[in-house]
Amino acid sequence: MDAFLEANVGLPSSTPTLKPTITSSPTVTPSPTSTPSASLRSINGYVKGEGFKAEIEGTNYSASSDFKGLFEINGITPSLTEFTLKISKPGFLTRNINVKIPSDRLSLSISGPNSPIGLMEGDMNNNQVINMEDVIIIAKVFSLTSSHTLYNAAADFNNDGIINMSDIIMLAKNFGKTYLDYQ
Ligand SMILES: [Ca+2]
Ligand SMILES: [Ca+2]
């Protein structure tokens, strides 16, 4: 009997050593907890103008601003809460905006129709600075209209179908500016 007891006492001591393997199953439980927060998020905002691309840097999430200047990126994975939103358009100085979606929000609006995000005209070669190189590029297409084969839509900042003094003045106002000038 004593030997039996000893054998039985010996058994439980081996059972706890098995327990750690069981503790691995609780680690699976977090997956149900992620289901309620698995709702996809969205971000929207207004940009000054149509055809500006808004993209979440380092991802495939992007959208273009419509004729009202509105863009909307939908279906953003819940794990993506802090990111850089890159706004760009050929001919304009790319702007990066740091965005943080609060964990309790499913949708975030970063700018309204009355305070659209503006981009500076003039970065023709897209090197994050507006300087003489850009002036030379626009000078080459000066006076061309949209019907011309060499017409460069990127240089037509005000999108009126002709590259003229109005566009040059817009660039001149931003001369010397870099991406750092967006605060
Ligand atoms: Ca440039
Ligand atoms: Ca123009």
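1. Asn-44 stands opposite Glu-72 in strand 4, and Gly-45 has Phe-71 of strand 4 as its bridge partner. These positions belong to the antiparallel pairing of strand 1 (residues 41-46) with strand 4, which extends over five bridges. Two strands are taken to pair if DSSP finds at least two bridges between them. Strands (E, at least two residues) and helices (H or I, at least four) are DSSP runs, numbered from the N terminus.

2. The model is predicted, with local features requiring pLDDT of at least 70 and side-chain atom pairs counting only at pLDDT 80 or more, while totals for chains, interfaces and linings use all residues. Residues are numbered from 1 along each chain as its sequence is written, and chains are lettered from A and ligands numbered from 1 in the order in which they are written.

3. The chain as a whole has four helices and nine strands. Along the sequence, the pattern reads α-α-β-β-β-β-β-β-β-β-β-α-α. Of its 183 residues, 19% count as buried; a residue is buried if 20 or more other C-beta atoms lie within 10 Å of its own, exposed if 12 or fewer, and partly exposed in between, with C-beta atoms placed from the backbone. Among contacts between residues at least 6 apart in sequence, 56% join residues at least 24 apart. Two residues are in contact if their C-beta atoms, placed from the backbone, lie within 7 Å.

4. Strand 1 also pairs with strand 8, here in the parallel sense and over three bridges. Within that pairing, Ile-43 has Leu-108 of strand 8 as its bridge partner. Axes are lines fitted to C-alpha atoms, for helices over the stretch in contact, and angles run from 0 to 180 degrees between N-to-C directions.

5. Ser-42 lies in strand 1 and is partly exposed, with 18 other C-beta atoms within 10 Å. Apart from its neighbours within four places in sequence, Ser-42 is in contact with Glu-72, Ile-73, Asn-74, Ile-76 and Ser-107. Ser-42 and Thr-77 are separated by 35 residues in sequence, and their C-alpha atoms are 9.0 Å apart in space.

6. A further open sheet comprises four strands in the order 3-2-5-7, with antiparallel pairing. Its edge strands are strand 3 (62-64) and strand 7 (95-100), each of which pairs on one side only. Neighbouring strands here are turned by 20° against each other on average, direction ignored. Strand 5 (residues 82-88) is joined to strand 7 by six bridges in the antiparallel sense, and Phe-83 has Val-99 in strand 7 as its bridge partner.

7. Attention may now turn to the helices. The axes of helix 3 (residues 132-139) and helix 4 (residues 165-173) come within 11 Å and cross at roughly 175°. Helix 3 is therefore roughly antiparallel to helix 4; angles over 145 degrees count as roughly antiparallel, under 35 as roughly parallel, 65 to 115 as roughly perpendicular and the rest as oblique. Asp-134, Val-135 and Ile-138 of helix 3 make the contact with Asp-167, Ile-168 and Leu-171 of helix 4. These residues divide into four nonpolar, no polar and two charged, where Ala, Val, Leu, Ile, Met, Phe, Trp, Tyr, Cys and Pro count as nonpolar, Asp, Glu, Lys and Arg as charged, and the others, Gly among them, as polar.

8. Ser-143 is found in the loop between helix 3 and helix 4, and its phi is near 75°, a positive value in a residue other than glycine. Ser-143 is exposed, with 9 other C-beta atoms within 10 Å. Asn-159 lies in the loop between helix 3 and helix 4 and has a positive phi of about 55° although it is not a glycine. Asn-159 is exposed, with 12 other C-beta atoms within 10 Å.
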